Amino acid sequence: QNLLIWDLWLPLVINFCLSIFVYCMTVRLIPKLTDKFLKANLFGIDVNKKSRNKVPEAFGVVVGCIYLLALFFFIPVPFGRTFISDDNFPHHEFVELIAAMLSICCMLLLGFADDVLDLAWRYKLLFPSVASLPILMVYFVNFNSTIIMVPLPARAWLGAASVNLGMFYYLYMLLTTVFCTNAINILAGVNGLEAGQALVIACSVTVFNFIELAGPLYKTHQFSLYLMLPFIAATAALLKHNWYPSKVFVGDTFCYFAGMTFAAVGILGHFSKTMMLFFVPQIFNFVYSVPQLFHFVPCPRHRMPRLNKAGLLEASRFQVSTQNMPFLSRFILKVFSLFGLIDRQDESKMAQVNNMTLINLILIWCGPMREDKLTMALLLVQVSCSCIAFMIRYPLASYFYDV
Ligand code: UD1
Ligand code: MG
């Protein structure tokens, strides 16, 4: 009983108190720094406002620094009892926490470099791969478990209950990190969306971790909570200033920082597949964006919605020549329009098609709306998907696995 309070709940309570401190500090610090960011030319134009104000950008760096600072102070807490008593020091748990922070710190730095230098796409893929190496190394040293359970319906077909993916499992984890970091960044462009979606995902992960605290793998979920609670606090503070009308922009720094935090807890907490369930809107947005990302159809620099004369947001569009269009592009547009996924307006030799993002898709399905309504709608989608994720993870999982 005593052990349970000392080992399980006390570090979490301290972490929670630290998170409240993180929230209060971040909320106060952000407005104090806006002028400094403007002076340093770190700003973006809020394109969907009539005033087109300069809004200080890359506040992810402030949030990330406070977050890391809080975690630095937290390091001794989970290991306090082993300092006092002479128990065996849990080196493997210690190195996990340090490696997760190293990867997050590295991603924060690289994300800030992206905001300042506006890097090309190839670096956006390379950076997270590099930054994920510390967590992958620790995974290798601590677990090196590359076996996955085969879902029940596929077992008869495969003839095995589990398969060892070996190197491919590491490739999968690497791709997960690259995906997590970029997926939030490409579902962006309306006030409050980046921070909002990160907050919803973090809250979902936290609920999942709390449920799993009662299970046999409580240690890894406790570890995840150490990283998630301060993250929620920092992100909530950022969202307060980033919500419509935005007083600050989060920048790519925040998207990368958030993505790496999720990847780190997913990988080191052994629930990367459940984590992916919370990323369903981002996965959809990525798959939907593939034709533009891989340039099968044109992809403008910005794909966020645009302001119409009535002051509402409507889907932004790209132009494509309908003459001598490659077969693949023609085919993709056909299939997408068959499923009502694009709104295409044909002119003589040109077609105007909406940019393929979930944001624009909602606008073509529901009609133009105000920016804050749009963000709310997108966050509602995110919350609904999390609810479905819990249904898949709990009641439905028994159809696929022995749980
Ligand atoms: C990604 C998207 C791009 C989208 C952009 C918006 C892809 C491939 N890239 O690019 O389509 O337009 O994010 O963030 O999908 N901004 C606003 N309001 C907001 C948030 C951002 O007007 O609420 C504008 C500001 O001018 C800001 C800029 O977007 O400066 C930030 O864009 P940036 O993060 O540099 O774009 P990418 O991440 O490269
Ligand atoms: Mg961005």
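A residue is called buried if 20 or more other C-beta atoms, placed from the backbone, lie within 10 Å of its own, exposed if there are 12 or fewer, and partly exposed in between. This is a predicted model, in which local features need pLDDT of at least 70 and side-chain atom pairs count only at pLDDT 80 or more, while totals for chains, interfaces and linings use all residues. Residues are numbered from 1 along each chain as its sequence is written, and chains are lettered from A and ligands numbered from 1 in the order in which they are written.

**View 1**
G166 lies in the loop between β4, residues 162-164, and α8 (helices are DSSP runs of H or I with at least four residues, strands are runs of E with at least two, and both are numbered from the N terminus). G166 counts as exposed because 10 C-beta neighbours fall inside 10 Å. Although G166 and N144 are 22 residues apart in sequence, their C-alpha atoms are 8.9 Å apart in space. N144 has its place in another loop, the one between α6 (133-142) and β3 (147-149), and its phi is near 45 degrees, a positive value in a residue other than glycine. With 9 C-beta neighbours inside 10 Å, N144 is likewise classed as exposed.

**View 1. The surroundings of ligand 1.**
The shell around ligand 1 consists of 18 residues, of which the closest are G44, I186, G189, H302 and R303 (a residue is near the molecule if its C-beta atom, placed from the backbone, lies within 6 Å of it). The elements that give two or more residues to this shell are the strand β1, residues 43-45, and the helix α8, residues 167-186. Sorted by class, the shell has seven nonpolar, seven polar and four charged residues, where Ala, Val, Leu, Ile, Met, Phe, Trp, Tyr, Cys and Pro count as nonpolar, Asp, Glu, Lys and Arg as charged, and the others, Gly among them, as polar.

**View 2. The open sheet of β7, β9 and β8.**
Three strands form an open sheet in the order β7-β9-β8, with antiparallel pairing (two strands pair if DSSP finds at least two bridges between them). The edge strands, each of which pairs on one side only, are β7 (317-321) and β8 (344-346). β7 is joined to β9 by five bridges, and the two strands run antiparallel; in this pairing S321 stands opposite M350 in β9. β8 is joined by three bridges to β9, which comprises residues 350-354, again in antiparallel fashion, and here R344 stands opposite V353 in β9.

Y244 and P245 are joined by a cis peptide bond, whose omega is about -15 degrees. P245 is found in the loop between α10, residues 218-242, and α11, residues 251-268.

**View 3. H295, with a positive phi.**
The phi of H295 is near 60 degrees, which is a positive value in a residue other than glycine. H295 lies in the loop that runs between α13 (280-293) and β5 (306-307), and it counts as exposed, since 9 C-beta neighbours are inside 10 Å.

**View 4. L3 in helix α1, and R81.**
L3 has its place in helix α1, which covers residues 2-39. With 8 C-beta neighbours inside 10 Å, L3 counts as exposed. R81 is 78 residues from L3 along the chain, and the C-alpha atoms of the two residues are separated by 9.9 Å.

**View 5. The whole chain, as a setting for the close-ups.**
The chain has 17 helices and nine strands, and buried residues make up 39% of its 403 residues. Along the principal axes, the C-alpha trace spans about 80 × 60 × 35 Å. The radius of gyration of the chain is 22 Å, which agrees with the value near 22 Å that a compact globule of 403 residues would have (the radius is taken over C-alpha atoms, and the globule rule is 2.2 Å times the number of residues to the power 0.38).
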